[in-house]
Amino acid sequence: MKLGIVGAGMIVQDLLPVFKSIPQIDLVAIFGRPAKKEFLLSLQKEYLIKKIYVDYKEMLADTEIDVIYIALPNHLHYTYTKLALGARKHVICEKPFTSNLDELKELESIARSKDLYLIEAITNQYRGNYLQIKELLPKLGDVKVVEVNYSQYSSRYNAFKEGNILPAFNPEMSGGALMDINSYNIHFVVGIFGKPKGVQYYPNLSQGIDTSGVLILEYDRFKAVCIGSKDSMGLSFATIQGENGFLTVNGPVNSLDSFTISTASKVVENMNKNEHTHRMYEEFVAFERIIREKNKSEMLKKLEHSLQVMEIITVARKRAGIVFAADEL
């Protein structure tokens, strides 16, 4: 994979060291705003990135790059992905994929028409612990209750309360707790149980955006509760309760660092089947493999999962009266 990275924010800075463990990924270039050129140069030197760009069209014209990884604020995902697909580049886009379902459907159509790979970067779907949880699920018997809580007091929340609206809380930039933090919970549930038959969202709203909220996903035989909070502190965990036992994820489901399963016959403490300590390692190993092997069926399966999640997010948000600028285009 010859990769072009779009963005130089916290997620990229967190990810760059991981590529040292994935030699199959060649860091061809990184793109950022002209004002960030000196910082881009420092990243280039530290991580041996071949080129830097401050003009996105120039980057897309680089024939050495075959895959674009987009790690920009939420509201820019659609536009930058569409431009990359138009330049016949495969795209890996950070979660949440787009601002709404219509945008993602359009990108899917473009990718299909050009025979390109389009994949959402969502950590938990690729972690070894997640795959192990799916294998062990039948041991719990009929599932009755699922609860997933990801609560993390945002470093930007105090500024928000004072009227300084940063991207994480900006409806013009597709922010909010549902998009930013509860989306991990939705991916966790849908990846195991599939698409729910009912969706309802109960947010705590301030200045037109959800700073926290409770999402209810209704399945035929059970309900799933997904809690995402950026305005308060609390335990982050997940539990799946069945007639024969229960399973607990110890910590937030974006990293899935360990889990415990307890049944009538056996208790297993702190299982860890992850291949790497960094939460983004396994997903990028998978992305490289899928694209190199031209495994279109696996890519389309992942894309269908992302479409289901984006439909849930879009329906939940709109029912709660949260409007993004992208919805009005």
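Where in the structure does asparagine 74 lie? Asparagine 74 is placed in the loop between β4 (67–70) and α4, where helices (H or I, at least four residues) and strands (E, at least two) are DSSP runs numbered from the N terminus. The model is predicted, so local features need pLDDT of at least 70 and side-chain atom pairs count only at pLDDT 80 or more, while totals for chains, interfaces and linings use all residues. Residues are numbered from 1 along each chain as its sequence is written, and side-chain values use heavy atoms, with hydrogens and water left out.

Asparagine 74 is buried, with a relative accessible area of 16%; buried means under 20% relative accessible area, exposed over 50%, and partly exposed in between, with a 1.4 Å probe and protein chains only. Not counting residues up to four places away in sequence, asparagine 74 touches Lys95, Pro96, Ser99, Met173, Ser174, Gly175 and Met179, a contact being heavy atoms within 4.5 Å. Two of these partners, lysine 95 and proline 96, are joined by a cis peptide bond with omega near -15°, and proline 96 itself lies in the loop between β5 (90–94) and α5 (101–114). Asparagine 74 and valine 249, by contrast, are 175 residues apart in sequence and 27 Å apart in space, C-alpha to C-alpha.

The next topic is the empty space around the protein atoms. Rolling a probe the size of a water molecule over the atoms shows where empty space is left. On a 1 Å grid over the protein atoms alone, a cavity is a set of points where a 1.4 Å probe fits but cannot get out, whereas a pocket is an open set with protein on both sides within 12 Å along at least five of seven lines, and lining residues have an atom within 4 Å of a point. Grid points are joined across faces, edges and corners, and a volume is the space filled by probe spheres set on the points.

The largest pocket has a volume of about 1400 Å³. Of the 38 residues that line the largest pocket, Gly9, Met10, Ile11, Pro73 and Arg156 are the closest to its centre. Two or more lining residues come from each of α1 (10–15), α4 (77–86) and α8 (177–193), and α1 gives the most to the lining of the largest pocket, with four residues. By class, this lining holds 18 nonpolar, eleven polar and nine charged residues, where Ala, Val, Leu, Ile, Met, Phe, Trp, Tyr, Cys and Pro count as nonpolar, Asp, Glu, Lys and Arg as charged, and the others, Gly among them, as polar.

Helix α8 deserves a separate description. Its 17 residues should span 24 Å at 1.5 Å a residue, and its end C-alpha atoms are 22 Å apart, which agrees; the expected span is 1.5 Å times one less than the number of residues. The helix α8 bends by about 50° at serine 183, the bend being the angle between axes fitted to the seven residues ending there and the seven starting there. Because 16 of the 17 residues of α8 are buried, α8 is largely enclosed by the rest of the structure. After α8 comes glycine 194, whose phi is positive, near 85°.

Glycine 194 also belongs to the lining of the second largest pocket, together with Gln125, Lys134, Val190, Gly191, Glu298, Lys301, Lys302, His305 and Gln308. Elements giving two or more residues to this lining are α8 and α10 (296–319), and α10 gives the most, with five residues. About 250 Å³ of space lies in the second largest pocket, and its lining has one nonpolar, five polar and four charged residues.

A search of the whole structure finds one cavity of 30 Å³ or more, and the largest cavity has a volume of about 40 Å³. The residues lining the largest cavity are Ile119, Glu120, Ile122, Gln125, Tyr126, Lys302, His305 and Ser306. Here α10 gives the most to the lining, with three residues.

Two loop residues other than glycine have a positive phi. Leucine 48, in the loop between α2 (37–47) and β3 (51–53), has phi near 55° and is exposed, with a relative accessible area of 71%. Glutamine 207, in the loop between β8 (198–206) and β9 (209–218), also has phi near 55°, and at 46% relative accessibility glutamine 207 counts as partly exposed.
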